[in-house]
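Q: I would like to learn how to read a few backbone features in a model. Could we go through them one at a time?

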Amino acid sequence: MKKIFLSAVFFLFFQNAFCQNVLLKYNGSGSYVYIERTDVRRYDNGKYTGLVSREIRSFIAPTSVPSGGKISDRYYDGSFFIDEATKRNSREVNLGINGAVPSSFKISSDGELTMIVDNGYPSFRSFPAFTNQRISIGDKWQAKAERVVDPLNKGIFTKLPILVEYTYLKDELFHGEEVYVFSAQWATRYGISYWDFSGDKDLKSAQGSHKATMYVSKKSGNALVVRDMVDETFIYNDGNSYSFKGSISMFTEYPPAYDKSKLIPALQRVASVSEKELKEILEKPVNESSWIKSEKKSGDSTWKNDFESGADSGKNNSSSSEKKIAKAGNQTSGTKTNAFDSTGSGKAKNQPQKKKNSADEIQSKISAGKNSSSNSKSEKKVIVENTAAGIRLTMQNLNFKPDSAELLPGENERLDQIAQVLKEVPNQMFLVEGHTASVGYEKGEMKLSVERADSVANALIQRGIPREKFICKGSGGTKPIADNSTPEGKAKNRRVEITILE
């Protein structure tokens, strides 16, 4: 009997010692899909008005650490798609080609999320957040987080600070992945000791409760599944109150892995570079720390000169988008890349090239919207780059009708070749990002860049790529690589980037 007791004590001690060896960290990297589904009953002044069903689907892609950033932090660009309705009967959510709400943010190793470009999404921020202490099953901790709300869909977002109490419940396997299972609870309190003066000024107060269960990946620290039971009420200055009772479910999904080497034959056709060169692009890892070093050393003047010297020779230095993240957190992808141009030179893009003066050649390419130099590699180039978000194909000098998103027939061959590349990876998602010349009219530039991304995606859909595989976004006007005051200059700034997300 004594032996049994001692064995039990030893087992409990061993189990406790083992469980103490848990230090929660966020190690997320790579692209992922974040889905937030809300199904709540709405009550206006206590009267039931119907079921509010909402789905937010976001596609998150990593970007390089900007100059001055911490290597331990993870930086991301997000494209958020929202579908919402108040109804008594549910309906299928169509998430095909749509405009995206841009966002960019960073996440530290303890899960704290800091917004860089903030358009109201994601709704939950720094959730979950981890303790910096080692914990065992049954332990509790508290952490601050933030929730962004717009109960009446006014387009005005109000930030609610929350204090979340977490409990470490158990370890499990979720779809074959090792996870921590936590519970989380917090109260909604707004209008008593805190007001968001940049939020909805008509929102007087809010109160309620949340109780959630979450499955957190041991590998990445991402919350794979969160189910939040909510009961809260928002009171406005006009005396009206709106209550919501039901559930908010959140999911994180990862794109499946794919064999990049299988893309080489198709990429050779679209980029006109050798198999050896493509292997170097696809196999060389993206080195964020070296990017930071080169950014500090080179500065704006080097970046500008690289674009100018390569404008006519097929170069496309990716640091343009990287600079946007470093300077302003622009929604443009800022990933570090390894790339070769498509002219067959095989030269890395950071190698110096002689500046060319070929205005006549450029004019011949764009005159009357005709493909008058269809055999020109410079005109028909597609840049192949290896980025943190996936393989990116950049179509430069696209032939659209002036100030329009209508593609001209001269692009058919290039689109056919790109469609063949995408068909080699049928399980992946594709991010299509449009760019226009920056001429000082931001709203118009953004609208046109989105329309051109949609136009390219639609052209690829007509070539057999499923509609639901595309995510389209615009980045508006980009820093010019040529004089925007001339047709020749504008032609150089027309480009669409297609990233095979991974």
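Q: In which loop does Pro128 lie?
A: The model is predicted. Pro128 lies in the loop between β6 and β7, where β7 covers 140-149.

Q: What is the peptide bond from Phe127 to Pro128, and what is its omega?
A: Omega is the angle to read for a peptide bond. From Phe127 to Pro128 the bond is cis, and omega is near 0°.

Q: Where is the place of Pro122?
A: Pro122 sits in the loop between β5 (113-117) and β6 (124-125).

Q: Is Ser126 buried or exposed?
A: For this, read the relative accessible area against a cut-off: buried means under 20%. Ser126 has a value of 11%, so Ser126 is buried.

Q: What is the phi of Asn153, and where is Asn153 found?
A: Asn153 has a positive phi of about 55° and is not a glycine. Asn153 is found in the loop between β7 and β8, with β8 spanning 158-174.

Q: What does Asn153 count as in terms of relative accessibility?
A: Over 50% is exposed, and partly exposed lies between that and the buried range. Asn153 has 45% relative accessibility and therefore counts as partly exposed.

Conventions:
Residues are numbered from 1 along each chain as its sequence is written. This is a predicted model: local features need pLDDT of at least 70, side-chain atom pairs count only at pLDDT 80 or more; totals for chains, interfaces and linings use all residues. Side-chain values use heavy atoms; hydrogens and water are left out. Helices (H or I, at least four residues) and strands (E, at least two) are DSSP runs, numbered from the N terminus. Buried means under 20% relative accessible area, exposed over 50%, partly exposed in between (1.4 Å probe, protein chains only).
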